[in-house]
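Colleague: I am new to reading protein models. Could you take me through this one, feature by feature?

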Number of protein chains: 2
Amino acid sequence: MDFEEKVTGHQPVFSGHLIDVEVQDVLTPAGNHATREVVHHAPAVAILALTDDDQMILEQQWRAPVKQVTLEIPAGKVDDRDQGDLRACAVRELNEETGLAAEHLDQVNATASSVGFSDEVITLFVARGLRPVDHALPKDQDEELSLLKVSLKEALEMVATGQIIDMKTVMAIYYWASQRVN
Amino acid sequence: MDFEEKVTGHQPVFSGHLIDVEVQDVLTPAGNHATREVVHHAPAVAILALTDDDQMILEQQWRAPVKQVTLEIPAGKVDDRDQGDLRACAVRELNEETGLAAEHLDQVNATASSVGFSDEVITLFVARGLRPVDHALPKDQDEELSLLKVSLKEALEMVATGQIIDMKTVMAIYYWASQRVN
């Protein structure tokens, strides 16, 4: 069965600092014309950072789209300093946001966060053997966050009660839980 | 520590069928002015549908934003027929996309897929006791998909090899794995 749609035209409708938006005209395999709305976003990384006493690091920050303070694992977009290297980006973000470096940094997966309307792909790493960095990088401007540490049991409860709603963070917590027992 | 930003203005920049986009002017707690780009998207549901022989149902479909065929759990947006009821939406989507009804349908969590730029929240259900529906609903127009079933072991391998990249689906697979062993 052929699924591929052919893009027959596209109109940029918004160009921002964080996202670009375009409308695509497509031809479906069945020969129908349709439009697709696509939000372009830079590739990103997220880090399940686990301390020696088996706690995960969470960041508390305001998120305008959901109008609330969220609890999230350290994360950020790939930028010029990373030269397209996802691992370098993870090292940098962990430094900037937590002041830590990891002895072990392993890639877990790469997932598309909102496959219906966006091309954002977040690559998840797990970091262990955390130590204070020698040279701390400055935080991003206009990024205000504070850190906390929670156990797996606490994290699972915070998902169940809706205190943690960020999908990449929930994915990472379930991953951690699945690893614990296999 | 106060994190809340005050929205001091907003400009709609795109209004589509699937998404609306606006730029917000905000005042941070530290008193700085900044802008936030926000993609509005309807609430949605996703369903980890588990068969009596312990396999999950996956859908194969073309996704324009990531330019590839994806493997995803059944999912869809809340619409007028659901009257704002997420469970009713899950029942409808499972019917439309798989032709199945569930004896047991339990809410697992509700997560924001792209908290940095979108307000999309996806509520995850797990469905068990699957039976063919008495009255099948028609599929959405311009939605072409085919179904397959895989075991937990197969699903985890498909995540590890990058055959499954959809974040809500990966989250559901890790959830399934975490439940299996606790």
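Modeller: Start with a hairpin. Strands S5(A) and S6(A) form one with four residues between them, and there A:Lys67 takes a positive phi near 50°. Strands here are DSSP runs of E, at least two residues long, and helices are runs of H or I of at least four, numbered from the N terminus. This is a predicted model: local features need pLDDT of at least 70, side-chain atom pairs count only at pLDDT 80 or more, and totals for chains, interfaces and linings use all residues. Residues are numbered from 1 along each chain as its sequence is written, chains are lettered from A and ligands numbered from 1 in the order written, and side-chain values use heavy atoms, without hydrogens and water.

Colleague: In which sense do S5(A) and S6(A) pair?

Modeller: Strands of a sheet pair through backbone hydrogen bonds, either parallel or antiparallel. Two strands count as paired if DSSP finds at least two bridges between them. S5(A) and S6 (residues 68-72) of chain A are antiparallel, over five bridges. A:Gln60 stands opposite A:Leu71 in S6(A). S5(A) also pairs with S10 (residues 146-150) of chain A, again antiparallel over five bridges. There, A:Ile57 has A:Lys149 as its bridge partner.

Colleague: Why is S5 (residues 56-63) of chain A largely enclosed by the rest of the structure?

Modeller: Seven of its eight residues are buried, so the rest of the structure largely encloses S5(A). Buried means under 20% relative accessible area, exposed over 50%, and partly exposed in between (1.4 Å probe, protein chains only).

Colleague: What is the strand order of the sheet in chain B?

Modeller: The order is S6-S5-S10, an open antiparallel sheet of three strands. S6 (68-72) and S10 (146-150) of chain B are at the edges with a single partner strand each, so one side of each lacks a neighbour in the sheet. The twist averages 30° from one strand to the next. Helix H2 (residues 152-160) of chain B lies across S5, S6 and S10 of that chain, at about 110° to S10(B). Axes are lines fitted to C-alpha atoms, for helices over the stretch in contact, with angles from 0 to 180 degrees between N-to-C directions. Contact means heavy atoms within 4.5 Å.

Colleague: How much area do chain A and chain B bury between them?

Modeller: The size of an interface is often given as the accessible area lost when the parts come together. Chains A and B bury about 5,600 Å², 69% of it on carbon and sulfur atoms. That area uses a 1.4 Å probe and is summed over both parts. Each chain brings 64 residues to the contact.

Notes. Buried area = accessible area lost by both parts, 1.4 Å probe.
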